[in-house]
Amino acid sequence: MLRREPLNPPKYVYPVDEWRMVEKQYYPRFQAQMETIFSIGNGYLGMRGVCEEVTPCTENGTFINGFYESWPIVYGEEAFGFAKTGQTIVNVTDSKIIKLYVDDEPFSLSTANLLSFERVLDMKSGTLNRELVWETPSGKKVAIKSRRLISLEHKHLAAIEYEVTVLNAKAPVVISSEIANHKYIASNNNDPRKAKGFKGRVLNPKANYCKDGRILLGYVTNQSKIGLACGIEHQLFTECSYFYKSECSEDGGQAVFSVDAQPGIPIKLIKYITYNTSPGNSIEELSTRAHRTLDRAKNLGFEAILVSQQQYMDDFWHRSDIKISGNPYDTDATTALELQQAIRFNLFQILQASGRAEGTGIPAKGLSGQAYEGQFFWDTEIYVLPFLIYTAPRIARNLLCFRYKMLDKARKRARQLNQKGALFPWRTINGEEASAYYAAGTAQYHINADIAYAVKKYVEITGDKDFLYNEGVEILVETARLWHDLGFFQDGKFHIHGVTGPDEYTTVVNNNAYTNLMARENLRYAVQTVQMLQNEDLERFAALLDRTNLALTEIEDWQKAAEYMYIPYDEAKKIHPQDDSFLSKKVWDFENVPRSKYPLLLNFHPLVIYRHQVIKQADVVLAMHLLGQEFSEQQKKSNFDYYDPLTTGDSSLSVCIQSILAFNLGYTRKAIEYAYFAILMDLADIAGNSKDGCHIASMGGSWMVMVYGFAGMKDYNGNLSFNPRLPEGTTALHFPLTIRCQRLEVDIRQEKVTYLLREGSELRIKHQDEEILLKVGIPVCVKQKNQDWE
Ligand code: BGC
């Protein structure tokens with residue numbers, strides 16, 4: 001059920017293009033949303049799509065993944081074990097600022113007379129480009145072209161090319177390139193999804209340097225004590241005469257170029273930008289690194305940086321692109337091209353959120369906004385990792401290693417909650433629990449099983465046993481320990497009480513079906529992995545025992561807990577109750593609660609929500625996607641039929657999963673409708689808050705919709721099968737997958753499907769019920785069986 005009308009920006013302003021996001025006019029109504037859409041990033045550094053001149057803007061932002069400020073969480077009523085310290089990603093110095101003055105007249109988009117305008121996020125080249133012609137009040141025509149990128153190749157580097165040509169006259173032109181620290185103000189919002197504001201300074205100045213065109217600033221965060229060195233460097237190319245001067249203070253600096261512009265002669269400024277951060281290193285060390293990055297960038301030059309960006313992007317698209325033709329949605333609302341554009345946009349934004357996320361997670365909004373405090377959730381493991389595992393296994397590994405590094409803090413957290421093993425934080429940046437609302441936070445113990453699930457999927461699809469035997473197994477041991485310690489035997493069954501499942505509208509319940517199913521999978525995989533390790537590598541097995549004090553009896557305990565895990569099932573209704581009490585609650589009054597009251601979390605006290613059967617996001621339905629092999633077809637259908645009408649979709653993590661299950665069950669119309677909402681979550685502002693940043697989980701979900709939904713892929717235990725369901729109107733779907741270092745290409749048409757192992761040696765897959773052994777370079781084409789559509 002979707003409770004908001006999609007908001008489609010007008011096509012004459014935002015014409016559809018399969019590789020580019022295009023804006024044809026400066027259009028204030030969509031400014032906030034477009035700052036998100038036009039954001040750029042590389043997984044380490046991100047900038048919202050605010051213009052170089054900064055104004056007009058709704059929410060300017062530059063973010064560094066994992067660079068946060070901490071603050072004491074103040075509770076009205078304290079209780080033991082509540083999270084003590086909040087963490088918020090810092091909006092760091094703004095370094096993209098370039099201000100332009102012609103005849104001392106400042107250029108501003110909101111007031112300028114624009115003779116032409118185009119802004120383009122080019123997803124093929126990984127650049128944000130703008131071209132416009134401004135007519136000044138005195139009739140001078142000024143062409144301004146800019147190109148901005150955050151390098152995927154050079155983690156700490158961003159660059160801007162800014163070219164100004166006065167077309168029809170001479171004029172004094174001043175280009176002021178700046179870097180500025182923000183002054184923080186407290187934010188007064190009541191939306192728990194948004195970020196906390198700070199009163200006063202977050203970045204304490206520690207150093208500043210200015211020489212020629214180079215400016216460098218150094219800071220340390222007030223509470224979290226993380227160092228930051230950021231800098232800018234310039235090159236000016238023009239045949240016009242000019243002079244410049246630069247200066248800086250502790251909160252900013254500027255290099256000002258004064259040019260005697262001649263008609264038709266371009267003035268091109270190249271600005272190199274760097275950010276270096278670290279909790280451990282001194283500002284001197286970070287500054288040295290920043291200098292080095294700027295030296296290297298200047299030596300390379302903008303063109304070479306562009307070329308390396310293009311190479312990175314080509315490789316990305318080669319591994320990840322999904323091509324779709326034809327329009328599965330039979331209204332005019334979505335054309336085939338729009339769908340294609342939106343799919344690419346989602347994949348591109350995932351890259352921007354994760355590409356160089358090394359030693360961090362992926363924030364819920366990537367680096368496109370500050371909402372959710374820039375923290376990491378299960379979104380990464382359950383929604384984004386599938387895409388990365390199948391297209392960029394190295395990035396997937398980095399993300400799992402980041403969780404591994406968090407283990408000690410997770411062990412400590414488990415002790416605070418009287419538990420053995422490790423409990424991963426529900427939301428965090430630095431590894432410590434940052435959720436101030438335990439009912440919909442810490443109680444989501446399923447985060448442990450979600451991480452274990454991702455470890456399993458990663459290992460099955462990549463074959464990376466090295467990771468499994470070094471890092472993965474330790475995660476599995478500690479998470480299995482927690483489950484065994486948390487649950488207990490009652491009436492011969494293993495129960496887990498007092499937890500919250502994915503559905504945050506139902507909290508602190510007994511035997512949440514999703515949690516029990518996922519915990520069982522976690523326990524089973526821990527047993528299997530430890531036993532395999534014991535058989536295959538005694539040395540590493542001994543190291544594991546040493547690191548974890550594992551006793552062999554524990555493995556038997558886990559086995560028993562898994563074997564006797566209680567999975568709620570209601571014989572009369574033939575469904576899996578979401579938890580022990582769910583079915584006894586009153587059903588939410590969907591008829592009479594108006595659309596304007598959604599999302600419910602912003603309009604009803606939690607107690608009102610919790611006492612009803614009303615679901616924020618897929619819960620049992622998600623379990624049926626992740627662990628589909630545990631359910632019969634009949635159970636899937638009954639569960640879906642029961643839960644779907646109760647699901648508000650108030651979380652953007654829901655529609656993608658609902659779509660996949662609807663595809664599985666042959667509810668094609670519904671599947672497509674949900675797919676459309678997931679894929680257009682940000683471009684059509686389905687959730688109404690795209691302005692606050694991209695919905696990265698839903699973007700990962702969009703990939704899943706295409707692969708697990710349209711193509712009907714199943715990959716339980718690493719065995720791949722496909723049961724494509726190409727809806728009427730869709731003519732072709734094509735995508736690559738990387739499986740154990742081999743490259744598989746899947747090409748789906750209405751009447752046939754072609755599987756081609758493009759790189760590798762051989763791969764066994766299934767098409768519907770048919771076994772296929774693929775040999776490299778030999779395409780296998782199979783006819784589609786007729787299917788039942790609804
Ligand atoms: C969802 C969570 C999710 C979080 C961050 C919440 O609204 O309910 O499942 O992890 O957003 O995306």
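Predicted model: local features only at pLDDT ≥ 70, side-chain atom pairs only at ≥ 80, totals over all residues.

Residues are numbered from 1 along each chain as its sequence is written, and side-chain values use heavy atoms, with hydrogens and water left out.

**Stop 1: the ligand**

Which residues surround the ligand? They are Ala364, Tyr372, Phe377, Trp378, Asp379, Trp426, Glu504, Lys616, Gln617, Ser651 and Leu653; to count as near, a residue needs a heavy atom within 4 Å. Colour this shell by type and you get six nonpolar, two polar and three charged residues. In that sorting, Ala, Val, Leu, Ile, Met, Phe, Trp, Tyr, Cys and Pro are nonpolar, Asp, Glu, Lys and Arg are charged, and the others, Gly among them, are polar.

Now zoom in on the polar contacts (pairs of N or O atoms within 3.5 Å). Pick Gln617: an N or O atom of its side chain is 2.6 Å from a ligand oxygen. For Glu504, the distance from a polar side-chain atom to a ligand oxygen is 3.1 Å. How much of the ligand does the protein cover? The answer is 93% of the 310 Å² of accessible area that the ligand has on its own, worked out by the Shrake-Rupley method with a 1.4 Å probe.

**Stop 2: two annotated stretches**

Select residues 344–704. An unreviewed UniProt entry annotates them as "domain: Glycoside hydrolase family 65 central catalytic", and such annotations may be inferred rather than shown by experiment. This span is 52% helix and 3% strand, and its end C-alpha atoms lie 13 Å apart. Helices here are DSSP runs (H or I, at least four residues), as are strands (E, at least two), numbered from the N terminus.

Then select 713–773, which the unreviewed UniProt entry labels "domain: Glycoside hydrolase family 65 C-terminal". Here you'll find 0% helix and 64% strand, with 16 Å between the end C-alpha atoms.

**Stop 3**

Jump to Thr55 and Pro56, joined by a cis peptide bond with omega about 0°. Pro56 is in the loop between strand S3 (45–47) and strand S4 (62–72). Tyr598 and Pro599 are also joined by a cis peptide bond, and Pro599 lies in the loop between strand S22 (586–587) and helix H13 (606–610).

Finish at Tyr372, part of the ligand's surroundings. Tyr372 isn't a glycine, yet its phi is positive, about 55°. Look for Tyr372 in the loop between helix H4 (336–354) and helix H5 (379–391).

Definitions and conventions. Polar contact = N/O pair within 3.5 Å; in protein donor to acceptor, adjacent residues only side chain to side chain.
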